[in-house]
Structures are given as structure tokens and as C-alpha cells.
Amino acid sequence: MPNEGSYEAALRRSNEVHADLLVHPENYTMLTGDRPTGRLHLGHYFGTLVDRVRLQDMGIKTNIVIADYQVITDRDTTQNIQDNVYNMVVDYLACGIDPAKTMIFTHSAVPEENQLMLPFLSLITEAEMERNPTVKAEQEASGHELTGLLLTYPVHQACDILFCKGNIVPVGRDQLPHIEATNKIARKFNKRYGKVFPEVTGLLTSTPLLPGLDGRKMSKSYGNAISLSMTAEETAKLIKKAKTDSERNITFDPENRPEVAALLTTAGICSGRDPKELADEIGMGGGGQLKKVVTEAVNGRFEQIRERRCELLQDMDYIKDVIHDGNERARAVAVQTLNEVREAMGMVY
Ligand code: TRP
């Protein structure tokens, strides 16, 4: 990533806020979200879902956007979107997100949030948007043309964060440019029209990125991700297919044995154990024993969550109620903020 200096600054700021959250939870509003392009997997769970539940239960105001308009930033279809959105709600609730505490909503149901896009677009230049390294990386990875939406979606993300006056956003490092853009927009708006929006801090997670089963980045498209929605049998099958290497003795060596290390890391994080210790215990048990340990660790860790998931799937009316209720609440918040924006801009007739 470019810009080491700004990463250091972001990390410092994140640590300060992490400490203050415990003292003054009432001062914080969290907003984060996911694109509904498929099922959530272990990377999402350990990377962010656990943290969201923790923030929710600390008494921080918590909001989650299911970013349906972001789906069409780098793909040309909305196929399966309804199913993906409902299942995303199911995943959230199974993991401990409580819809009475956390507002869950979709972009497309909140017009007043989307309307913020207009004034916000006047607060950022084309050059600033074209410099965003995450947009560039996503364009390259997807091979998609640079549409107006792909170029401007970080501004739309600023709408997500600012319509509910979010001031903390749990993020991976790749999302930091979007936080920076959000702050630029908020500051410029406040300077031109009067203070409406807060300062936003990206909360960097302390959990290291969980690799996929083959040691590469975890991604559904690589077939190396275990979804929360998989059964124990499907999980076992996927782990069985995972590549290891020709050396029988199991050691934890991420540099030279990335596949074996990824499996040990997965088992470690699921069982709360040190991967090196697991490696020592498996030793000459080889790849077969390693996969057995990983399978047991994953299936044990997710047994209850998966049971809860199945129960929730039996009651789709409830899931729809959750999203309808969240959308309604989000709309009320967005109407209020848009009114403040109109007033600040003098657009009151
Ligand atoms: N861009 C995020 C992702 O790809 C999803 C997202 C949408 C988001 N709006 C957001 C994240 C606002 C944080 C804040 O996963």
C-alpha cells in the first residue's frame, strides 16, 4: 500500500479511539457494511463480525448497511441479490448481531441517504477520486470498465457513514482511502455550509487477516473459503480437498509452507490455540491428521452458529421483518439528516 506515513497516523488514531470507546461508548456511532454478493465466510467472521457484536454489546450505536448498490460497481448483474440480502441478515443474526440494537438496512431502500450523493459529489474532484488506490485495485481485479459508479462509490460510502453521523468505521487497511475521502467531504461540507457532520475514524482490527485454505487471500472465487452457511459435511469435504505439501512432518512455517500454515492458522483461530503448538502435536501425523484437526476445530467452533442459522432460515417472515424494520429506521434517520443538510445549504422553501 502506498503512503506508509498516513497508515501510521491512521493506526495511531485508531488506537486512541479504541481506548476511548471503553470509557465513553455513548460518544460513538458505528457504521459498517458488506456487499451482498454471496455468503459470509470465516474471514468475515473473525475479521469483522466478532468485533461488530462486541461494539454492539458495549452500548455503542451500531449500524450495518447491506450495500446492494455497491454490487453493481464491478459487475453487470444483480442476479440472486434478494437471496443474498436475506441470507446476509441470517448470517448476521446467527453470529450475534441483535436487530433490536443494530440497525440493518439496504442502500436501495433509503432514498434520502442516496440523495446526499449530490451535494457530496460537489466536494471532491475527479483527480482525487481517480487517485483512490482501492478503486484502482478493484477495477484491475474485476477487469470491469471504470463506470461512473465504480469511480464514485467511495463518495456513496461517505453517504452511508455520514447520513447516520457515524464516527467509527471498523475497516481493513484497503478501506482507509474511503475513510480519508469521507473526512475530506465532511470537513469541506462543514466549512462551506456549517457543521453538520462528525469526524470519522477507521477502526483497524487487531486480528491478522485469515488466509484462505490454500494460503492465498480468502475469496469465494478461489474456492478456498469456508462459509458460515456450509454444513459440517461440506466443510469437511472442502478441507479434505485443500492442498498440503509432500513433507510429512507438520510444522508452522508460513513463509515456506503457506498451505499447511493456512490450515494450522484456521484451526488455531477456531480453537483459540497457538498454531505452532498444534503443529507440534500433529507432527508426523501428516496432512491427514492436520485436516482432521482443522475440520474438528471449524465444525466445533461454528456448530451453534450454524444451528441458529438453520432455525432462522425456517422463519423467513421474521428475516423480512428485520430488514423492513431496519430500512424504516434508516429512512427516518436519513430524512432528519437530509433536512439538516438542506437547512445548512439554505435550500428551504
Ligand atoms: N465497501 C465495503 C465492502 O466492500 C462495504 C461497505 C459499503 C462499507 N458501505 C460501507 C464499509 C461503509 C464501511 C463503511 O465490503
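## Basis of the description

Contact, as used here, means that heavy atoms lie within 4.5 Å of each other. The model is predicted, and local features need pLDDT of at least 70, side-chain atom pairs count only at pLDDT 80 or more, while totals for chains, interfaces and linings use all residues. Residues are numbered from 1 along each chain as its sequence is written, and side-chain values use heavy atoms, with hydrogens and water left out.

## Asn-190 and its contacts

Asn-190 belongs to helix H9, which spans residues 176–193, where a helix is a DSSP run (H or I) of at least four residues and a strand a run (E) of at least two, both numbered from the N terminus. If residues up to four places away in sequence are not counted, Asn-190 touches Lys-195, Val-196 and Phe-197. The side chain of Asn-190 also reaches the backbone oxygen of Phe-197 at 2.7 Å.

Is Asn-190 buried or exposed? Its relative accessibility is 18%, so Asn-190 counts as buried, a term that means under 20% relative accessible area, with exposed meaning over 50% and partly exposed in between (1.4 Å probe, protein chains only).

## The shell around the ligand

Among the residues that surround the ligand are Leu-31, Gln-70, Gln-157 and Asp-160. Strand S1 (29–34) and helix H8 (148–163) each supply at least two residues of this shell, and S1 gives the largest share, four residues.

How values were computed:
A residue is near a molecule or strand if one of its heavy atoms lies within 4 Å of it. A polar contact is a pair of N or O atoms within 3.5 Å; within protein, one must be able to donate a hydrogen and the other to accept it, and residues adjacent in sequence count only if both atoms are side-chain atoms.
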